[in-house]
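Hello,

I am handing over the structure we talked about, and you will find it just below. My notes on what turned up follow after it.

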Amino acid sequence: MSFRPFNPPPRTLLGPGPADVHPRVLEALSRPTIGHLDPRFVAMMDELKDLLRYAFRTRNALTMPVSAPGSAGMETCFVNLVEPGDQVVVCINGVFGGRMLQNVERLGGVPILVEGTWGRAVSPDQVEDTLRRHPRARLLAFVHAETSTGVRSDARLLAEIARRHDCLTIVDTVTSLGGCELEVDAWGLDAVYSGSQKCLSCTPGLSPLTFSDRALERVRGRSAPVSSWFLDLNLVLGYWGGEQKRTYHHTAPVNALYGLHEALVMLSEEGIEAAWARHRRNHLALKAGLEALGLELVVPEAERLPQLNAVSVPVGVDEAALRARLLYHYNLEIGAGLGALAGKVWRIGLMGYSSRPENVLLCLSALGSELGALGLGPATGDALAAAHAVLHP
Ligand SMILES: Cc1ncc(COP(=O)(O)O)c(C=O)c1O
């Protein structure tokens, strides 16, 4: 048997993530590996924490990347904050709220569900009502940007309700960080995790995390030890914490952290508000083009994520076959629907380095051509003109 190096095809990633990685990040990953306790590396870690504070808009001391993907960021929040018997209100309006529920169950917590509609934001009224009926609840968990449906929930309002009921919040920002407004301090969010592979233009595999002082106090005041050794923040902070000497906890993914550092330097150069505006502008251009093609967005306008567009599949179109043709003929990846929306929608992401005008135009022309080949005769030229009008008013 002989094996050869793996050379991936040159895809354009317009699915739900990972998004395209910026060439500067790819270059940073290839820099020489140094020791994870090397003073120069430790100085880079400190800068990385400051850069993450910039991205999350927080001054939280506990702000760092977990050395594993977004799911590990999620587990870090739950495993550190939930103790057996704790009542936890979990909002489910898509796939990732469902995963939060599984975390609570596995930790022996008592989940209290706020069940929403797929494709709609979490209802603040339902949350208020649930917290009123469960005065012993200690935590409210919800997804800010639900990648499975392309919905943004009102994190500011949900956190305000939680505070009024003396609950801490666990907030999933895997798809929102860097792509749309997110204000950890101004909105008073407590335990917040994200992912490197979406709107940050970085490779998958790291989970930025930030904890308010209130959340950290809750971790420090636990009666039972944290059941995961790897994700126990009391131990992780021996390595990532700033005050005392750094000690070995695990071998940090050194080069991956170079990549995240570079991605965040780029975000600071662009400016976080400019990055939010870029995601919005490209979304509006895509939306204008999709509508000219006769396609409909699933989510009501006020609840739409600019970085993830759920599009209804036209009646009679085999959604998987069309996605396969986009991949084969245009090297273009878009996503399928998940769960309740499987088979019914495509998910078109414009995240991070993928959120660029040329990708909007590529996507519209490829979709237009393929729908045209099915005899649907969409107005591809009109779609490109509509997008162009948004991009260059
Ligand atoms: C909203 C949300 N939460 C959590 C995750 C899990 O992240 P990862 O796949 O990096 O573990 C994802 C991944 O797509 C996500 O979109």
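Predicted model: local features only at pLDDT ≥ 70, side-chain atom pairs only at ≥ 80, totals over all residues.

Most residues other than glycine have a negative phi, and most peptide bonds are trans. Serine 201 is buried, with a relative accessible area of 8%, which is under the 20% cut-off for that class. Aspartate 166 has a positive phi too, near 60°. This aspartate is found in the loop between helix H6 (155-164) and strand S8 (168-172). Is aspartate 166 buried or exposed? With a relative accessible area of 64%, aspartate 166 is exposed. The other backbone feature to look at is a cis peptide bond, which joins glycine 17 and proline 18 with omega at about 5°. Proline 18 is found in the loop between strand S1 (12-14) and helix H1 (23-29).

Now for the overall picture. The protein has 14 helices and 13 strands. A compact globule of 393 residues would have a radius of gyration near 21 Å, and the protein agrees with that, at 21 Å. Along the principal axes, the C-alpha atoms fill a box of roughly 65 × 55 × 50 Å. Of the 393 residues, 57% count as buried. Among the contacts with a separation of 6 or more, 72% are between residues 24 or more positions apart.

On the cysteines, how many disulfides does a search of the whole structure find? The search finds zero. Cysteine 77 is in no disulfide, and the nearest cysteine sulfur, that of cysteine 91, is 15 Å away. Cysteine 77 is buried, at a relative accessible area of 0%. Cysteine 180 is likewise in no disulfide; here the nearest cysteine sulfur belongs to cysteine 199, 7.1 Å away. A disulfide needs the two sulfur atoms within 2.5 Å. Cysteine 180 counts as buried as well, at 1% relative accessibility.

In the pair of tyrosine 239 and tryptophan 240, the ring centres are 6.0 Å apart and the planes stand at 75°, so the pair is edge-to-face. Both tyrosine 239 and tryptophan 240 are buried. Elsewhere, arginine 356 lies over the face of tyrosine 353, at 3.9 Å from the ring centre.

Tyrosine 248 is found in the loop between helix H9 (233-240) and helix H10 (254-270). At 55% relative accessibility, tyrosine 248 counts as exposed. Which residues does tyrosine 248 touch, not counting residues up to four places away in sequence? They are His36 and Leu37. Tyrosine 248 and histidine 36 are 212 residues apart in sequence, while their C-alpha atoms are 8.6 Å apart in space.

Glycine 337 lies in the loop between strand S12 (332-336) and strand S13 (345-349). At 9% relative accessibility, glycine 337 counts as buried. Leaving out residues up to four places away in sequence, glycine 337 touches Ala342, Val345 and Arg347. Glycine 337 is 242 residues from valine 95 in sequence, and the two are 11 Å apart in space, C-alpha to C-alpha.

Glutamate 319 lies in helix H12 (residues 319-330). Is this glutamate buried or exposed? Glutamate 319 counts as buried, at 9% relative accessibility. Beyond its neighbours within four places in sequence, glutamate 319 is in contact with Val313, Ala336, Gly343, Val345 and Trp346. Glutamate 319 and alanine 336 are 17 residues apart in sequence, and 7.7 Å separates their C-alpha atoms in space.

How values were computed:
Residues numbered from 1 in each chain as written. Heavy atoms only, no water. Phe/Tyr/Trp six-rings, centres within 6.5 Å; stacked < 30°, edge-to-face > 60°. Buried < 20%, exposed > 50% of the residue type's maximum accessible area, 1.4 Å probe, protein only. Lys NZ or Arg CZ within 6 Å of the ring centre and 35° of its normal. Helix = DSSP H or I, 4+ residues; strand = E, 2+ residues; numbered from the N terminus. Rg over C-alpha atoms; globule rule 2.2 N^0.38 Å. Contact = heavy atoms within 4.5 Å.
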